[in-house]
Amino acid sequence: MLHPKIRALAEKIRDKDLRKKVIELLENPVFEVDGKVYSGLSLDVSPAGLSHHHCYPGGYVEHIISTANLASALCKSVEKVYRGKVNRDLVIAGVLLHDLFKPLTYSVNQNGSYSTTGLADYMDHLSIAIAELVRRGFPLELIHVVSAHHGEYGPIRPHTIEALICHLADLMDSRLNGEVLNAASYLVRKATGEELSGLTSKEAFEIIHSKAVEGWEGVAKTVEKIKKRKASRKI
Ligand SMILES: [Fe+2]
Ligand SMILES: [Fe+2]
């Protein structure tokens, strides 16, 4: 079952054929190589990174939704302020598919921490995505959006407005999330002398807000609250 928010985003793709292809792939993001079929964590529970950003359960869906929001704001700016033309279908499809194969490269350990799968020893999520998009006959313009999403650190820089928007939105969201997680971890360490592992971005924002409103005492109180919540979830 596809996450309802992910499905709602895919439904915004106007081109019928592209929409159908994107939904088919989202519903079954497996990868076959050497006669072996790889399927990783489900999109709903997967993180979208292992250390820098969205590195907690559900991080993948959060990253896609937030990147889509940011990309939509960029599209609006290009169209309304700069009077530029954007193919929004390509932007939405690009955002939805850019990290689709990350969950395939992650596995969960017994203690809830993450590792990488055997497939990840040989291929990264970007190469897997390109291979699969080509195999499934996706349009070249969309393949470019996905292959350029790492910007100057990827195999090709963005050469179209749609690719640039996806790259910038992806970068913005991963930085936003990563910086907030880092800041919250720092505040927790300073206020309590402890590490709080597995912090989600919602908890991180809560911690940062408590520092702004109630200072260090507020941070310590929020950490206690988060710990209690986590303990009650385990029962
Ligand atoms: Fe990526
Ligand atoms: Fe991403």
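This is a predicted model: local features need pLDDT of at least 70, side-chain atom pairs count only at pLDDT 80 or more; totals for chains, interfaces and linings use all residues.

Trainee: How many residues of domain 1 are in contact with residues of domain 2?

Mentor: The domain assignment gives domain 1 as 4-173 and domain 2 as 177-234, and the C-alpha centres of the two lie 29 Å apart. By class, the side of domain 1 that touches domain 2 has 1 nonpolar, 4 polar and 2 charged residues. Facing 7 residues of domain 2, the number of contacting residues in domain 1 is 7.

Trainee: Which element gives the largest share of the largest nonpolar core?

Mentor: The largest nonpolar core has 39 residues, and Ala71, Val91, Val95 and Leu96 are those with the most contacts inside it. Among the elements that give two or more residues to this core are α3 (59-81), α4 (88-97) and α7 (161-192). Leaving aside residues up to four places away in sequence, Ala71 touches Val91, Val95, Ile165, Cys166 and Ala169. The largest share of the core, 7 residues, comes from α4.

Trainee: Is Val61 buried, exposed or partly exposed, and which count decides what it is?

Mentor: Val61 is found in helix α3, and, not counting residues up to four places away in sequence, it touches His3, Lys5, Ile6, Leu43 and Asp44. A residue needs 20 or more other C-beta atoms within 10 Å to be buried and 12 or fewer to be exposed. Val61 has 18 such atoms, and therefore it is partly exposed.

Trainee: Where does Asp34 lie, and is it buried or exposed?

Mentor: Most residues other than glycine have a negative phi. Asp34, however, has a positive phi of about 55° although it is not a glycine, and it is found in the loop between β1 (31-33) and β2 (36-38). Because Asp34 has 5 other C-beta atoms within 10 Å, it is exposed.

Trainee: What is phi of Arg83, and in which loop does Arg83 lie?

Mentor: With 7 C-beta neighbours inside 10 Å, Arg83 counts as exposed. Its phi is a positive value, near 55°, in a residue other than glycine, and Arg83 lies in the loop between α3 and α4.

How values were computed:
Residues are numbered from 1 along each chain as its sequence is written. Chains are lettered from A and ligands numbered from 1 in the order in which they are written. Domain bounds come from an automatic or database domain assignment. Two residues are in contact if their C-beta atoms, placed from the backbone, lie within 7 Å. Ala, Val, Leu, Ile, Met, Phe, Trp, Tyr, Cys and Pro count as nonpolar, Asp, Glu, Lys and Arg as charged, and the others, Gly among them, as polar. A nonpolar core is a set of buried Ala, Val, Leu, Ile, Met, Phe, Trp, Tyr and Cys residues joined through C-beta atoms within 7 Å. Helices (H or I, at least four residues) and strands (E, at least two) are DSSP runs, numbered from the N terminus.
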